[in-house]
Amino acid sequence: MTDVSTIDIPTPYQPYTTEDGRKIGDVVMEMKNITLRFGGVTAIKDISFDIREGEVRAIIGPNGAGKSSMLNVISGFYHPQEGEIWYRGEKRPPMKPYEIARQGIARTFQNIALFKGMTTLDNIMTGRLTHMKSGILAQAFWKGRAEREEIEQREKAERIIDFLEIQAIRKAPVGSLPYGLQKRVELGRALVAEPSLLLLDEPMAGMNVEEKEDMSRFILDVNDEFGTTIALIEHDMGVVMDISDRVVVMDYGAKIGDGTPDEVRNNQQVIDAYLGVSHD
Amino acid sequence: MLYREVGDFKTSYKADGQTFPIAFDRYRYYAVLLIAFALVPFLLNDYWVKAIVLPFLIYSIAAIGLNILTGYCGQVSLGSGGFMAVGAYSCYKFMTGMDIWLPFGENGESIQYALPPLNIFFSVILGGFTTALVGILFGLPSLRIKGFYLAVATLAAQFFLVWLFNKWSWTYNYSASGQITAPERLLFGQAITGPSTEPWATYLFCLVFVVVLALVARNLTRGHLGRSWMAIRDMDIAAEIIGVNPMKAKLTAFAISSFYIGIAGALLFAVYLGAVEVGEVYGIQKSFLVLFMIIIGGLGSIFGSFAGAAFMVLLPVLLKNVLVGQLGWATDIAAHLEFAIVGALIIVFLIAEPHGLAQLWRVIKEKLRLWPFPH
């Protein structure tokens, strides 16, 4: 049995520049010995890993491995029973999800969680909520700050709409859009908040090849143009190995591998977890 | 070609984000305002004001209020009647000079102090603010419970408030009948409440409230507060993850919605009815009436609130005129038939057009864009 520690890239390691010229910086978020239980079920067992500034970090693993639970821990839906979360060099106390959003962490969901009754534009504008400060009175009479702010934020929203090439569906109710576009709008809603850490829960689930290519391109562009750190869960191994800088592999709630795509690909434990192994 | 947006280009986000982006809509809105303020007051007689116009205006405010809470924020409320009662009774206390107890007496005992009677305009506004506070209080359960369970909690508010105004004699100034009666109050020398009001004066008084409150509602719902309400309505988990504080969103919705409903209750009592007994006027049936208005009119639409209020006010008048006036039926049969028709309509709307009259109006507008050429 391979020892996990021999696969890990030695930490802490220095900021470096990737082959394609992106700068990978310091550790932004560090999970230390996270354990999450639901009653008698242990969803996450003593997992530690870090996410570095500017990188695309993938979390992979078979179904039920605890990947989504991990993302929910990061975004504050679940509070782990044990372990610490360090964000930007500080230990994060237990927080409500909306407080975590204000710290610059945005995410998308595995099953699209758009606001179905609202238009594309309104959905994306909702992503700017944390940047809007005008009071009730200013909004009630649509004067001063409320009006100014709305136009400022609209410009930010339009930039994302241009970026994701969804200008044509700006005023369309999102409930009526095709699946691939809904996924894109959801990415836009997370992106418009200008997060420093973007969490994507299966951004390519249920997509055809073209849609996957589009989405991969958007993810890489986001990372490249805005310098956003991205942590994503994905099942399509081809995509994961192509776009991510480092990969965490989980199985039955435990971490079985961590490293660059090549290292993970050659890890015997990872191969066993995916292909199955005879227990004798 | 009655209705078109061709050639109506926008070159700024401000122009694109305005309330009526299509020029035709905008001019129609100005025309309606002009007619309502400059023409209608001269045409009104007592019957029209009492039977149709005042109830329509007042219930429009209540419907907008409930629509903010239920249609925009997704929190079902069956407490509208109770909140209207809070508006009415607090307006009554403010306009008759509220007596309060201050704990500053010589030996620590409280002294009674009567506020001077306030102007009717400010009494109505303060009635709204009082209701907003009560609304926040009864909105607290919404932080933990949703849907039907919340509806039951607001139902409790309804019954509790009616009970309170029956039992707490201070609220009706210890009158023997338990009723509250609006004394005559003037605004700019013109009687607004009391027995000798002019139809146009009461109409204009209510109209000002309706226009301002509708504009405010529109502004609130298109701003970031409105988006946070709709986000909570459509998917509360996702709303929280993008930074909506659910407590703040829900409680502001309860507060603002109750403010509107309180003002509607105050106007209903002071300007329209003149004297009310709480259980009779502000009972559970009033809660359902306002709820039906927004269901038939359209959830999440300001226009729908007006349409629903107009529908529910006009339908009984129309039925009565046709069945009793034209066909000569007995009044009680006509009244019972009204219940049956309203009930059937609610079911029809819920099945056929859950988005109400507002959606029908949108469909008509879509059709009109192409009319008379179908392609």
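What follows is a set of questions on domains, a helix and a chain interface.

Mentor: Ground rules come before the questions. This is a predicted model: local features need pLDDT of at least 70, side-chain atom pairs count only at pLDDT 80 or more, and totals for chains, interfaces and linings use all residues. Residues are numbered from 1 along each chain as its sequence is written, chains are lettered from A and ligands numbered from 1 in the order written, and side-chain values use heavy atoms, with hydrogens and water left out.

Trainee: How many Å separate the centres of domain 1 and domain 2 of chain A?

Mentor: The bounds come from an automatic or database domain assignment. Domain 1 of chain A covers 1–104 + 195–280, and domain 2 covers 115–194. Taken over C-alpha atoms, their centres are separated by 28 Å.

Trainee: What area do domain 1 of chain A and domain 2 of chain A bury between them?

Mentor: Buried area is the accessible area (1.4 Å probe) that two parts lose on being put together, summed over both. Carbon and sulfur atoms carry 73% of it here. The total for domain 1 of chain A and domain 2 of chain A is about 1300 Å².

Trainee: Which side chain meets A:Glu165 in a salt bridge?

Mentor: A salt bridge needs a side-chain nitrogen of Lys or Arg within 4 Å of a carboxyl oxygen of Asp or Glu. The rule finds two across the interface of domain 1 and domain 2 of chain A. For A:Glu165, the N to O distance is 3.8 Å, and the partner is A:Arg217.

Trainee: Why is helix α2 of chain A largely enclosed by the rest of the structure?

Mentor: Helices here are DSSP runs (H or I, at least four residues), numbered from the N terminus. Buried means under 20% relative accessible area (1.4 Å probe, protein chains only). The buried residues of α2(A) include A:Lys67, A:Met70 and A:Ile74. Helix α2(A), residues 67–74, is largely enclosed because the buried count is seven of eight residues.

Trainee: Which element gives the largest share of the side of chain A that touches chain B?

Mentor: Among the elements giving two or more residues to that side are α3 (97–102), α5 (136–141) and α6 (145–163) of chain A. The largest share is seven residues, and it comes from α6(A).

Key: Buried < 20%, exposed > 50% of the residue type's maximum accessible area, 1.4 Å probe, protein only.
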